[in-house]
Amino acid sequence: MTFNELKRLDHQYVMQTYGRFDVAIERGQGATLYGFEGQEYTDFASGIGVASLGYGHPAWVKAVQDQAAKLAHTSNLFYTEPYIRLAQQLCTRSGMAAAFFANGGGEANEGIIKLARKYSFDKYGKGRSTILTLHNSFHGRTITTLQATGQDVFHQYFFPFTEGFRYAEANDMDSVRAQDGDDVCAVFLELIQGEGGVLPMDKDFVQQLAAYCAEKDYLLLVDEVQTGIGRTGSLFCYQQYGILPDAVTFAKGIAGGLPMAGVLCGEKCRNVLSPGTHATTFGGNPIAAAAALTVLEVLDDEMMNTIQEKGAYLRASIAAFGSPYVETVRGMGLMVGIVLKDGVDRAALVNACYDNNLLVLTAGPKTIRLLPPLVISKEELDKGLAVLKKVLTQQPS
Ligand SMILES: *Cc1c(COP(=O)(O)O)cnc(C)c1O
C-alpha cells in the first residue's frame, strides 16, 4: 500500500480524533524509523515516551515471541508468573509495597484516585474525597482524569465531569494551603509536567508538599506515567526528589511498546483496594508483563547513568547552538523541553524537523519536547542534533 492510499483509508474509516503528522511508519530499528517509501527518520519521540528500548530490541522481541507462544492471556482469575515477577521487581526497585496492573496511563490514574478516596473513606468515613492537583498538569482523557487535569481547555463538551478536584499553582505552597480544606484526601502531581511543557517541579516545593501531606494524612500521589521507568535517569523520577510517595502510577515506557500501566503503593495502602473494589480484564497480561520484565532488565544502574549522561549531552548541545529562537532548555534525563521565545512560530520549526527526517513532539504552548528511546546510540543522537542545529539556527523564511 502507498502512503496516499493509507491516508485515504484512514480518513474514510477511522474517527478523525488525531491531528497526525504527514508521516507513515512501516518499521523500525534502534532509534531509527522507516517510512513506506524508504524514508529514514531519527526518532526523538518514541511513540510519546513508550518505545523505551527503541525498535527491534533482540531481548524484547524474544521475550514477547516466547511468551506469545507459551501463554497470551488468562485474565486475573488465575495466577501467572510474569506479572508476579514484574510486581516483585518494581516494588524492590522503587521502595513500594504492592502493585496493581492496568493498561494505560488514564486507567492507572483512575485506579490511584480510587485508592486515595477509599483510603480516606475507610479511615475517616464520607466527606474527605477531594484531590488537589496542579495547574498545567495532565492526567488523562477519561471523564475523571480530564477533571483531574488542571487545564480549563480539557473541561469542555463532556459534562458532567467527576466532582472532587481543586487546583493549586505548581511550586507554590501558599497556593496549596489556599486550596486545602477538611474535604481533602490527597495531592496528585507530576514531578515534571510533561504535556504541560516539560516543567520540572522545584525540589524544595516537592519536599515541603510531602511533609505537608504526611502531617495531614493526605496521600501523596505521583503521576509517573511519562517520567517513570527510566525516562529521567532513575527508575522513578521521585527517587531524585528525595521523597517516597504513598502511591505512584506508571504507563508509557513500562512494556517498551505494548499497552501496560499500573499503580504502585506503599505499605500504608496495600490493602485499600480489597477484592471486588477494583479490577481489569487485561491488566497484568502475560505478554505485556514479559515485555516489561525485559525493559526492567535492560534498565539497570549502569543504564540509568547512561540516560543521565545522554540527557545532559542533549541539553548542553542544544543550549550551545545559541539559537535565536530558544529561551531555555530544560528537563531531566531523556525528557527534554526546548522552550521557545514568545512569538516564535513553533509549528514552522517542528515542520522543518520533520522535513529533515527528525521526529519530535510538542508540549505546552511553546515547547518542543524530546523523548528519544532510552537506548538511543551516540550516532543517532548526533544525527538528530545536526537536524536540530540546522533548524534552530536557520534564518526565518
Ligand atoms: C500520557 C499521560 C497520561 C495518559 O496516559 P494514556 O496512556 O494516554 O491514558 C497521564 N498522565 C501523564 C503524566 C501522561 O504523560
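**View 1. The loop that holds Pro 160.** Let us start with Pro 160, which sits in the loop between helix H6 (143–148) and strand S6 (165–168). Helices (H or I, at least four residues) and strands (E, at least two) are DSSP runs, numbered from the N terminus. Phe 159 and Pro 160 are joined by a cis peptide bond, with omega about -5 degrees. This is a predicted model, in which local features need pLDDT of at least 70, side-chain atom pairs count only at pLDDT 80 or more, and totals for chains, interfaces and linings use all residues. Residues are numbered from 1 along each chain as its sequence is written, and side-chain values use heavy atoms, with hydrogens and water left out.

**View 2. The surroundings of the ligand.** Around the ligand you will find Gly 104, Gly 105, Gly 106, Asn 109, Phe 138, His 139, Gly 140, Glu 190, Asp 223, Val 225, Gln 226 and Lys 252; a residue is near a molecule if one of its heavy atoms lies within 4 Å of it. Helix H5 (residues 105–124) gives the largest share of this shell, 3 residues.

View 3. A polar side-chain atom of Lys 252 is 2.6 Å from an oxygen atom of the ligand. In the side chain of Gln 226, an N or O atom lies 2.7 Å from a ligand oxygen atom. Phe 138 takes part through its backbone, with an N or O atom 3.3 Å from a nitrogen atom of the ligand.

**View 4. Two rings, Phe 101 and Phe 250.** Rings of Phe, Tyr and Trp (its six-membered ring) pair if their centres lie within 6.5 Å; planes under 30 degrees apart count as stacked, over 60 as edge-to-face and the rest as tilted. This rule gives 8 aromatic pairs. The ring centres of Phe 101 and Phe 250 are 6.4 Å apart and their planes stand at 75 degrees, so this pair is edge-to-face. Because Phe 101 lies in strand S4 (residues 98–102) and Phe 250 in strand S11 (residues 247–250), the pair ties together parts 149 residues apart in sequence.

Key
Polar contact = N/O pair within 3.5 Å; in protein donor to acceptor, adjacent residues only side chain to side chain.
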